[in-house]
Amino acid sequence: MTKVYKQAEHAIIFNRVSSVNQDFHSSGEHQYAVCEKYCQNKGLSILGAYGMIETAYKRRRPGFESILGCLEQHHGVPVALVVTSVDRLLRSFCFLDRLNKLREEGRLELHFVEEKLLLSANSTPEDVLMFENKVAEAKYYSAKISETTKARIEWLNEQGIYTREAPIGYTNCEMDGVKWIYPDTQAAKVSHLFEIYLIPEMDIKKLLAVAQVMNLRTSRGKLVSRKTLVALLKREFYCGRFFSRGRFYDHKYHCLVNDMIFQAVQKKLDRELGKVANKETEVQVAA
């Protein structure tokens, strides 16, 4: 005799956007309104709502995994997970087995508003197949977007255009619809640090003190630390190159340091950092 599971009376609403570049406030409100109306029509009382900014294509999804973990701890009457569409919940098969296990045990229902699809322990194989096909479609769509994005970034790299956040001393700008990177108010500070580091008595500790007196700050507004300063001195962007996807490219932006100074700084930096590493090794051996 086939066991008939009880229907869910309570619901959790799940909303998601892929990145911070999307308008979560607008999209999240729209998704919630659609799901809220659905719950009202179905007579489901809303226990809570979760909004996530994360891609559904990756294997690691901390926000979604925390919700899934809570659902796995729940026993008793099933809970309905209400989502506007399948691709808002999943864009890969990574979490499909865990969701299906909860569903098959009668602990979870999956409600997809746009597809008019409800999956429970009593669902037919046809409904389950439809769901999995929708997940496959979403996965394919994400893979195509990823492939197109990678190809575009590769083309931009070849043109000498840097697509990420500008380093300290530069700013990302857009003029007449064209994105570009320009030296900012900290550019002269960065150039000065490269130059004075080559003074024989100057070391990283003293240079850090100078940088902080100059009020050199990161893009997040914090004073530079020793780690940030060392990374800055090593960054080839300042002399005309950037690293992307396993290789260097020449960029088209204004250089803050010429190549001769940059290479001289690297040699001195290697010597100083090598001495620090040797001292740390000696201390460990002595201990």
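**Close-up views of the predicted model**

**View 1. Glu165 is found in the loop between helix 5 (125-158) and strand 6 (170-175).** Helices (H or I, at least four residues) and strands (E, at least two) are DSSP runs, numbered from the N terminus. This is a predicted model, where local features need pLDDT of at least 70, side-chain atom pairs count only at pLDDT 80 or more, and totals for chains, interfaces and linings use all residues. Residues are numbered from 1 along each chain as its sequence is written, and side-chain values use heavy atoms, with hydrogens and water left out. With 42% relative accessibility, Glu165 counts as partly exposed; that label sits between buried (under 20% relative accessible area) and exposed (over 50%), using a 1.4 Å probe and protein chains only. Leaving aside residues up to four places away in sequence, Glu165 touches Asn172, Ser219, Arg220 and Arg235, where contact means heavy atoms within 4.5 Å. From Glu165 to Glu54, the step is 111 residues in sequence and 20 Å in space, C-alpha to C-alpha.

**View 2. Phe194 and Tyr238 touch the most other members of the largest nonpolar core, which has 35 residues.** Helix 6 (187-197), helix 7 (204-213), helix 8 (226-234) and helix 9 (259-286) are the elements giving two or more residues to this core. Helix 6 gives the most, with six residues. By nonpolar core we mean a set of buried Ala, Val, Leu, Ile, Met, Phe, Trp, Tyr and Cys residues joined through side-chain atoms within 4.5 Å. Zoom in on Phe194 and you'll find contacts to Leu232, Leu233, Tyr238, Val257, Ile261, Phe262 and Val265, not counting residues up to four places away in sequence. Apart from this core lies another, of 25 residues, with Phe95, Leu96, Leu110 and Leu117 among them.

**View 3. Glu195 sits in helix 6.** At 45% relative accessibility, Glu195 counts as partly exposed.

**View 4. One cavity of 30 Å³ or more turns up in the structure.** About 30 Å³ of space lies in the largest cavity. Its lining is made of Tyr5, Lys6, Pro78, Gly106, Leu108, Glu109, Ser120 and Ala121. By class, that lining splits into four nonpolar, two polar and two charged residues. For the record, a cavity is a set of points on a 1 Å grid over the protein atoms alone where a 1.4 Å probe fits but cannot get out, and lining residues have an atom within 4 Å of a point.

**View 5. Lys116 has a phi near 55°, a positive value in a residue other than glycine.** Look for Lys116 in the loop between strand 4 (108-112) and strand 5 (117-119). Its relative accessibility of 80% makes Lys116 exposed.

**View 6. Asn215 also goes positive, with phi near 65° in a residue other than glycine.** Asn215 lies in the loop between helix 7 and helix 8. Asn215 is partly exposed, at 34% relative accessible area.

**View 7. Over residues 281-287, pLDDT stays under 50.** The model has zero contacts beyond four places in sequence for this stretch. pLDDT is the predictor's confidence in each residue, from 0 to 100. Where pLDDT is low, the predicted coordinates should not be read in detail. Across the protein chain, the mean pLDDT is 89, and 92% of the residues reach 70 or more.

Methods: 1 Å grid on protein atoms, 1.4 Å probe; cavity = no way out; pocket = protein on both sides within 12 Å on 5 of 7 lines; lining within 4 Å. Points joined across faces, edges and corners; volume = space filled by probe spheres on them. Nonpolar A, V, L, I, M, F, W, Y, C, P; charged D, E, K, R; others polar.
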